[in-house]
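Work through the exercises below with the structure open. Try each task before reading its solution.

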Amino acid sequence: MQVILMKGQMQTVVILIIAMIILYGFLQYIFIVQEEAVFRSAVLNAIQVSNIINILQSSPNDAFQIYTLPAADCVLEITESYINFTLGKQSYRRDFIQTSTKIKETKIECRKPEKTRSVLCITKKNGVITAKELLDTCW
Amino acid sequence: MIPAGDNVQEQKSFLSNTVYLVIQIVLITLFAVIVLYFFISSKPVLFIKHMESTALEISENLFSSPLTKEWAVFSFSQLNRYHGKIDEPYARHCSIAYRLEIESDIRKWTLGFEPNRGVNPATGGTPFFGETHLGFLNEYTLSTASNVDGKPARISLTIYERSLTHITCLIENAYKMKSKQQITCKMPSKGYRTQLPNEMKEVTCRFILEKIGSDMCIGHPDFSFEESTIECRSLPGINVASFAEKEEVDVITDMKLVAIPLKTFAPTDCSSISDDIIAGKDDEVGIVVLCLERE
């Protein structure tokens with residue numbers, strides 16, 4: 001009777017240990033996937049903003065484009081030759097085409113209360129491309 | 001006193017239960033390992049057609065550039081001005097170079113980045129860029145119909161992403177931003193390099209770089225600069241110290257290629273760069289120095 005009881009307890013302990021190992025493995029995987037997803041999102045956002053700037057460079061003056069940033073802690077840094085998009089701990093840099101159009105250096109932090117999304121307005125005026133947060137209108 | 005038969009029966013039952021338990025544990029563990037393996041070995045991959053979109057964006061910018069009289073109508077005189085030059089006028093992308101070929105019924109113009117300029121002295125002048133491990137990354141060609149001074153023409157815009165384009169971009173950013181810039185590069189192993197043909201799809205750390213006139217030229221470290229494969233990209237107005245990395249490694253290693261803008265005009269050894277000679281936001285950049293650092 002005692003042997004059967006011990007055997008039952010051992011079985012439970014072993015199954016619990018295995019379950020914990022599986023859980024740990026799954027959690028690790030989830031963290032890896034989350035970080036990868038955050039990085040991919042940074043890549044996509046950087047590419048999309050640089051695409052907008054590249055197209056605006058060949059557009060006529062007074063052209064503009066509105067872009068919605070993700071509802072997360074992010075920093076968009078635009079320099080005269082590249083964009084750096086930081087999302088959480090991940091960041092991605094993307095170059096854009098250099099033409100006679102000037103690009104105004106700017107840094108936009110998209111930390112919003114209650115996870116609302118920041119909206120970006122990218123405009124071309126007098127040969128200068130400017131990105132700023134949309135408050136009321138683009139102009 | 002327990003009868004002998006009962007004792008044997010109990011021992012047999014205990015043995016079979018133990019064997020059953022061990023088999024159960026082994027099976028569960030095996031199942032767990034297999035499930036974990038499948039989960040951990042899978043990784044999400046995102047394919048972004050960035051070469052296609054970059055080619056389109058460069059073409060859009062060229063179509064509305066001073067190379068044209070009106071949208072997509074190229075000017076004969078402007079094309080003559082840049083014909084045969086490796087400058088990438090009016091729509092220069094930092095890390096991707098372009099080459100434009102325009103062919104009308106009358107003549108053909110080519111301008112922009114020229115790949116495969118060098119030859120292999122060992123193979124009697126046969127171009128060997130693919131075997132040099134200088135880092136060939138991506139290439140994409142966009143072909144479309146256009147117009148030169150009212151006459152129909154065919155346009156072929158090829159964009160190149162290579163080690164050289166990333167290195168010139170690194171130098172350009174360090175110069176313009178007046179701050180240290182870095183990229184990850186791969187130091188190819190000797191074994192990897194001897195497996196020919198074998199193109200490296202990463203920015204290489206093993207190359208020689210020299211500025212010739214206003215062009216930045218990359219060469220193969222196993223040959224002298226004059227005789228090795230040379231590929232050049234125009235980078236006017238920026239002084240760069242010559243760079244040569246000929247180190248041999250046993251295993252392919254990730255390293256950091258760092259561009260440091262200095263106040264001085266004299267090339268400086270990487271080990272002797274102190275903070276007081278690194279250019280800041282208010283300083284004029286004299287020269288950009290390339291250094292390799294371990295990751």
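The exercises that follow treat one residue and then the contact between two chains; the model is a predicted one.

**Exercise 1.** Locate B:Leu67 in chain B and decide whether B:Leu67 is buried or exposed.

Solution. Step two is the neighbour count: B:Leu67 has 22 C-beta neighbours inside 10 Å. Step three applies the cut-off, which for a buried residue is 20 or more. B:Leu67 is therefore buried.

**Exercise 2.** Find which residues B:Leu67 is in contact with, setting aside neighbours within four places in sequence.

Solution. The contacts of B:Leu67 beyond that range are B:Leu62, B:Phe74, B:Ser75, B:Gln78, B:Leu79, B:Pro89 and B:Tyr90. Now take one of them, B:Pro89. B:Leu67 and B:Pro89 are 22 residues apart along the chain, and 8.5 Å separates their C-alpha atoms.

**Exercise 3.** Describe the side of chain B that touches chain A.

Solution. Begin with the counts: 33 residues of chain B are in contact with 28 residues of chain A. Next come the elements: helix H1 (4–41), H2, strand E3 (92–93) and helix H4 (163–177) of chain B each supply at least two residues of this side. H1(B) gives the largest share, eleven residues. Sorted by class, this side of chain B has 18 nonpolar, nine polar and six charged residues.

**Exercise 4.** How do strand E5 (residues 97–98) of chain A and E3(B) run, and how many bridges join them?

Solution. The two strands run antiparallel, joined by two bridges. Within this pairing, A:Gln98 is opposite B:Arg92 of E3(B).

Methods
Residues are numbered from 1 along each chain as its sequence is written. Chains are lettered from A and ligands numbered from 1 in the order in which they are written. This is a predicted model: local features need pLDDT of at least 70, side-chain atom pairs count only at pLDDT 80 or more; totals for chains, interfaces and linings use all residues. A residue is buried if 20 or more other C-beta atoms lie within 10 Å of its own, exposed if 12 or fewer, and partly exposed in between; C-beta atoms are placed from the backbone. Two residues are in contact if their C-beta atoms, placed from the backbone, lie within 7 Å. Helices (H or I, at least four residues) and strands (E, at least two) are DSSP runs, numbered from the N terminus. Ala, Val, Leu, Ile, Met, Phe, Trp, Tyr, Cys and Pro count as nonpolar, Asp, Glu, Lys and Arg as charged, and the others, Gly among them, as polar. Two strands pair if DSSP finds at least two bridges between them.
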